[in-house]
Amino acid sequence: MCTVSWLYESGAYHVLFNRDEQLARPTARPPELKRADGQVAYLAPTDPGPGGTWIATNQSALTICLLNAPARDNRSHRISRGHLVSEWAGAASAAEVLGGNYDLRPFAPFSLLAIDLAGHTTIAHWDGTELKRQVGAATSGMLTSSSLDHALANARRQQLRAAFQRRRQPWDCAALFEFHCSHGDGERAFSPCMHRPGAETVSFSWIEARADRTSFLYSPGPPCQWAAGHRTEIDTRRVIAQ
């Protein structure tokens, strides 16, 4: 179960990502500076198991996020989906991501968001057989996933987001952060900040991209604990220029 939201605001965009995982899964490494094909600099946390990542932002202010999607069968897949984000982290724009002929058969189903500072988004869904890819200019939106009940979790979170937008005006990054910290109506197994036996939101990422800088704030814990001080920040004006 994961939730990613995005919003364009005042010459910038914000991407907020709640990553939900089993508590028995090894803790991910926080964002590090990496190079795509040895050239394009990007920042991404690392999944210590299969490697790869679920979120990355690069020196062109392109951000890519990946969420697992329900599988239709029990086929084994040779390559972790997290490597797709690293594969495309060198792209210059959202329109490039998953463009052209790309063999996705080794990968289990997923949903993917790519967003750039020009106001373009690519939203893709791979179901194990067919890729549906939409390139456009979605100024605000949300993608969710759930291993418990994908359809129900998506419906609950969409309803909660709509309720937030009705009562929280203006709908800005502060309101979006409040949404990501929310436990909804108390049914925390399906809330944006998820908690259930054996699993919870294990990390929170907030990327803000502007013309002069991109910042990546990362919390190795649920966003409802943000005030507890679990926070680091990497300013790409300084790091990526090195």
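Predicted model: local features only at pLDDT ≥ 70, side-chain atom pairs only at ≥ 80, totals over all residues.
**Helix α2**

I then asked which residues of α2 are buried. They are A153, R157, L160, R161, A163 and F164. Seen down the axis of α2, these buried residues fall within an arc of 160°, so they line one face of the helix. An α-helix has 3.6 residues a turn, so residues three or four places apart point the same way. On the other side of α2 I noted A151, Q159 and R166, which are exposed. As for what the buried residues of α2 pack against, I listed β1 (2–9), β2 (12–22), β10 (140–145) and α3 (173–180).

**From α2 to α3**

Between α2 and α3 there is a loop, and P170 lies in it. I checked the peptide bond from Q169 to P170 and found that it is cis, with omega near 0°.

Helix α3 itself is mostly covered, since six of its eight residues are buried. I wrote these down as C173, A175, L176, F177, F179 and H180. What covers them includes β1, β2, β10, α2 and β12 (199–209).

Most residues other than glycine have a negative phi, and most peptide bonds are trans. With that in mind I looked up two residues that have a positive phi.

S10 has a positive phi of about 55° although it is not a glycine, and S10 is found in the loop between β1 and β2. Is S10 buried or exposed? Its relative accessibility is 67%, and exposed means over 50%, so S10 counts as exposed.

A61 has a phi near 65°, again a positive value in a residue other than glycine, and A61 is found in the loop between β5 and β6. At 7% relative accessibility A61 lies under the 20% cut-off, and therefore counts as buried.

**The largest pocket**

I next asked how many residues line the largest pocket. There are 32 of them, and E21, R25, L67, N68 and R81 lie nearest its centre. The elements that give two or more residues to this lining are β2 and β6 (63–68), and β2 gives the most, with five residues. The space in the largest pocket comes to about 580 Å³.

**H195 and its surroundings**

H195 lies in strand β11, which covers residues 195–196. I found a relative accessibility of 18% for H195, which is under 20%, so H195 counts as buried. The side chain of H195 makes a polar contact of 3.1 Å with the side chain of E200. Not counting residues up to four places away in sequence, H195 touches H183, R188, A189, E200, P222 and C224.

**K34 and its surroundings**

K34 lies in strand β3, residues 29–36. Where its side chain meets that of T46, I found a polar contact of 2.5 Å.

W54 has its place in the loop between β4 (40–46) and β5 (55–58). At 5% relative accessibility, W54 counts as buried. I looked up W54 together with A175, which is 121 residues away along the chain, and their C-alpha atoms are separated by 23 Å. A175 is one of the buried residues of α3.

F216 lies in strand β13, residues 214–219, and at 1% relative accessibility F216 counts as buried.

Technical notes: Residues numbered from 1 in each chain as written. Heavy atoms only, no water. Helix = DSSP H or I, 4+ residues; strand = E, 2+ residues; numbered from the N terminus. Buried < 20%, exposed > 50% of the residue type's maximum accessible area, 1.4 Å probe, protein only. Polar contact = N/O pair within 3.5 Å; in protein donor to acceptor, adjacent residues only side chain to side chain. Contact = heavy atoms within 4.5 Å. Arc of directions from axis to C-beta. 1 Å grid on protein atoms, 1.4 Å probe; cavity = no way out; pocket = protein on both sides within 12 Å on 5 of 7 lines; lining within 4 Å. Points joined across faces, edges and corners; volume = space filled by probe spheres on them.
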